[in-house]
Amino acid sequence: MGLKAGIVGLPNVGKSTLFSALTLNEAESANYAFTTIEPNVAIVNLKDKRLDELAKIVNTKKIVPATFQFVDIAGLVEGASKGEGLGNKFLSNIREVDAIVHVIRCFENNDIVHVKNKIDPINDLNTINLELILADLQTIENIVNRIAKKAQSGNDKELKFEYSLVLKIREALQNEKMVKDLDLTNEEKQIIKSYQLLTSKPTIYVANLDSNSYKNLNTSPHFQNLKSRLANEILIPICIKIEYEVCKFEEDEKQMFLSEYGIEESGIDSIIKNSFYLLNQSTYFTAGEIEARAWIFKNGMSASECAGIIHSDFEKKFVKAEVIKYSDYIKYQGEKGCREAGKINLEGKNYLMQDGDVCYFKVAK
């Protein structure tokens, strides 16, 4: 499953440096707006210690972690919804991602130009959110114009329901509310899925601080103001400059360096982890001598659907799944020990896969 998160923000807030730290690749970075025109795309591994432990037990030849794509999208400016700057390209790139990582500048530095010549995280946040709202409003107006006449004059109940939903969303957007913050039913969410609304995408906010503020977040009024404004959102404080330096270290050196700053978990790892779980995803494992692998699935998927992630034929020819809980796999040191202890469950195609399940699928020949 190709999960993709787009890194967005105003120009020169640290997006491309964050991208470089995330991917260990160098995205073009310079001190002027629109350095990033075509989006940089890279694949990062989802670190999961459970996979390493499974690999040790089966003594596998190959470890294949789950992956996540990050896209470094061009900096947005005010008026992007009307095509200002690289607005149209920016907005079309956002439509193609599953989640948004919104980077907001929370540090002062006269050597790094701010497009508005003033550091104001709340204003920066509002600028981007408003452009996304205005873009969605254009989309919704087009839908209203397309279905209004038929919905009002006809007897199509589904179309009437969609029309009332579109009007509700239009009103929310006109009041500068994000669609992701609306209390929509599963049926309503399914209807608007094809609209590709920008404000419906789950979002992580990243506060980019200088090293001194990062050591003591209480000393940063910029961060504290942003924290209050985003009280109900995922907000990750980070010093992107530090993270970029740390990403070049070996793992042992990295942990030593982070501990000097009192950092338990790398901000980069936190962004990757939160991006993954924000999309309601989990992982199941397959483990053997040839390969130990993590597979991404959406919560609520059945055993047969998860088998289909490996190969479409596995879903069509699914017979049963042998499922071992991760904790049992570790406790009894693998499949053989779990079988002897009676810890292998035979599950049918409707079994709902759980995060951490170790699976062996049986399919018809």
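Phe70 touches Ala5, Ile7, Phe19, Leu22, Asn40, Val41, Ala42, Val44, Val101, Ile271, Ile272 and Ser275, leaving aside residues up to four places away in sequence; a contact here is heavy atoms within 4.5 Å. Before going on, a word on the source: this is a predicted model, where local features need pLDDT of at least 70 and side-chain atom pairs count only at pLDDT 80 or more, while totals for chains, interfaces and linings use all residues. Numbering runs from 1 along each chain as its sequence is written, and side-chain values use heavy atoms, with hydrogens and water left out.

Back to the packing. Phe70 is, with Leu18 and Phe68, one of the residues that touch the most other members of the largest nonpolar core, which has 57 residues. There is also a second, separate core of 20 residues, including Ile133, Ile140, Leu173 and Tyr195. A nonpolar core is a set of buried Ala, Val, Leu, Ile, Met, Phe, Trp, Tyr and Cys residues joined through side-chain atoms within 4.5 Å. Buried means under 20% relative accessible area, exposed over 50%, and partly exposed in between (1.4 Å probe, protein chains only).

Helix α1 (residues 15–23) is mostly covered, with eight of its nine residues buried; among them are Lys15, Leu18 and Phe19. Helices (H or I, at least four residues) and strands (E, at least two) are DSSP runs numbered from the N terminus, and the protein has 15 helices and twelve strands. Of the contacts between residues at least 6 apart in sequence, 69% join residues at least 24 apart.

Now the cysteines. The structure holds zero disulfides, a disulfide being a pair of cysteine sulfur atoms within 2.5 Å.

| Residue | Relative accessible area |
|---|---|
| Cys247 | 14% |
| Cys338 | 0% |

A cavity is a set of points on a 1 Å grid over the protein atoms alone where a 1.4 Å probe fits but cannot get out, and lining residues have an atom within 4 Å of a point. The lining consists of Ile100, His102, Asn129, Leu132, Met178, Thr203 and Tyr205. β5 (99–105), α4 (121–153) and β6 (203–208) each supply at least two lining residues.

Conventions. On a 1 Å grid over the protein atoms alone, a cavity is a set of points where a 1.4 Å probe fits but cannot get out, and a pocket is an open set with protein on both sides within 12 Å along at least five of seven lines; lining residues have an atom within 4 Å of a point.
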